[in-house]
Amino acid sequence: MSSAVPVSSAVGPVAGRTRIKLCGLSRRADVELAVDLGADAIGLVFYPPSPRSVGVAEAIDLASALPPFVSVVGLFVNPTADWIGEVTSNVPLTMLQFHGDETNAQCEQLASVAGLPWLRALRIGADTRPADLVESALNYATAGGLLFDTLVEGYGGGGKTFDWSLIPAELARRAVLSGGLNSQNVGDAIRRVRPYAVDVSSGIEVPGARGVKDPARMAAFVRAVREADAG
Ligand SMILES: O=C(O)c1ccccc1NCC(=O)[C@H](O)[C@H](O)COP(=O)(O)O
């Protein structure tokens with residue numbers, strides 16, 4: 001039964017706070033800064049072809065820097081069950097993110113190895129239509145959430161935006177918006193899409209240095225999200 005009192009008036013603007021995932025972190029100092037800035041989640045990439053990829057030992061150290069209530073999302077591209085098992089039996093991930101070509105059944109099977117919830121990345125290209133996203137949402141009905149990203153070579157982390165108007169409003173309110181976000185455009189993205197959360201990797205890095213996060217850009221991104229939320 002819906003509450004008689006609208007949530008936002010009951011708890012104030014915090015109800016509409018856009019959650020923030022800072023992705024592709026590989027240095028402990030960046031994880032500590034993400035926590036200090038108020039990030040809701042960090043993303044660790046377990047995909048060796050990516051310059052942002054981390055190994056199990058590195059990930060254990062990075063995860064140990066996290067206080068309670070900050071999620072650590074493990075990002076995979078077409079992983080084997082053995083790889084999922086090796087990572088999640090050692091690294092205290094709170095969620096998986098499948099960013100490759102995995103079907104719903106494959107995502108479910110892989111996630112069952114870890115016993116964790118999972119995000120499905122839906123990569124949006126030039127010929128994607130809203131109906132395609134609605135169909136994908138139905139196909140991945142057991143996902144713990146959808147992350148809308150830009151279709152780029154190399155699966156993700158490409159630093160390119162897609163047409164945000166393609167996202168149906170009914171999907172946006174519980175989804176993660178990703179793909180080419182930065183401190184200059186994330187405010188517009190929030191005002192136009194009203195996503196549950198935003199995700200960024202390239203936009204908080206030193207330009208041209210994939211995997212090297214820039215503290216100033218990290219802070220500017222979070223500040224831009226807070227300013228957008230404040231209206
Ligand atoms: O970050 C990567 O290097 C990466 C490699 C392969 C698959 C996915 C990858 N990242 C997934 C993410 O969640 C990124 O944050 C997302 O693609 C947005 O990246 P960016 O456009 O650079 O902000």
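In which sense, parallel or antiparallel, do β2 and strand β3 pair, and over how many bridges? In this predicted model, the pairing of β2 with β3 (residues 71-76) is parallel and extends over 5 bridges.

**The barrel and the annotated domain**

- A barrel is closed by 8 strands, which follow the order β1-β2-β3-β4-β5-β6-β7-β8 with parallel pairing.
- An unreviewed UniProt entry assigns residues 21-223 the feature "domain: N-(5'phosphoribosyl) anthranilate isomerase (PRAI)".
- The span of residues 21-223 is 33% helix and 18% strand, and its end C-alpha atoms are 14 Å apart.

**The surroundings of the ligand**

- The ligand is surrounded by 25 residues, of which C23, S50, G156, G157 and S202 are the closest.
- Two strands, β2 (41-45) and β8 (197-200), each contribute at least two residues to the shell around the ligand.
- Sorted by class, this shell contains 14 polar, 8 nonpolar and 3 charged residues.

**The contact of α4 with α5**

- Helix α4 (residues 81-88) packs against helix α5 (residues 104-114) at an angle of about 30°, and their axes are 8 Å apart.
- The crossing of these two helices, α4 and α5, is right-handed.
- On the α4 side the contact involves A81, I84, G85 and T88, which meet L110, V113 and A114 of α5.
- The residues in this contact of α4 with α5 comprise 5 nonpolar and 2 polar ones, with no charged residue.

**The contact of α8 with α9**

- Helix α8 (residues 186-193) and helix α9 (residues 215-230) cross at roughly 35°, and their axes come within 8 Å.
- The crossing of α8 and α9 is right-handed.
- From α8, the residues V186, G187, I190 and R191 take part in the contact, while α9 provides F221, A224, V225, E227 and A228.
- By class, the contact of α8 with α9 consists of 6 nonpolar, 1 polar and 2 charged residues.

Technical notes. Residues are numbered from 1 along each chain as its sequence is written. This is a predicted model: local features need pLDDT of at least 70, side-chain atom pairs count only at pLDDT 80 or more; totals for chains, interfaces and linings use all residues. A residue is near a molecule or strand if its C-beta atom, placed from the backbone, lies within 6 Å of it. Helices (H or I, at least four residues) and strands (E, at least two) are DSSP runs, numbered from the N terminus. Ala, Val, Leu, Ile, Met, Phe, Trp, Tyr, Cys and Pro count as nonpolar, Asp, Glu, Lys and Arg as charged, and the others, Gly among them, as polar. UniProt positions are given in the numbering used here, feature names are shortened, and annotations may be inferred rather than shown by experiment. Two strands pair if DSSP finds at least two bridges between them. Axes are lines fitted to C-alpha atoms, for helices over the stretch in contact, and angles run from 0 to 180 degrees between N-to-C directions. A crossing is left-handed if the near helix is turned anticlockwise from the far one by less than a right angle, and right-handed if clockwise. Two residues are in contact if their C-beta atoms, placed from the backbone, lie within 7 Å.
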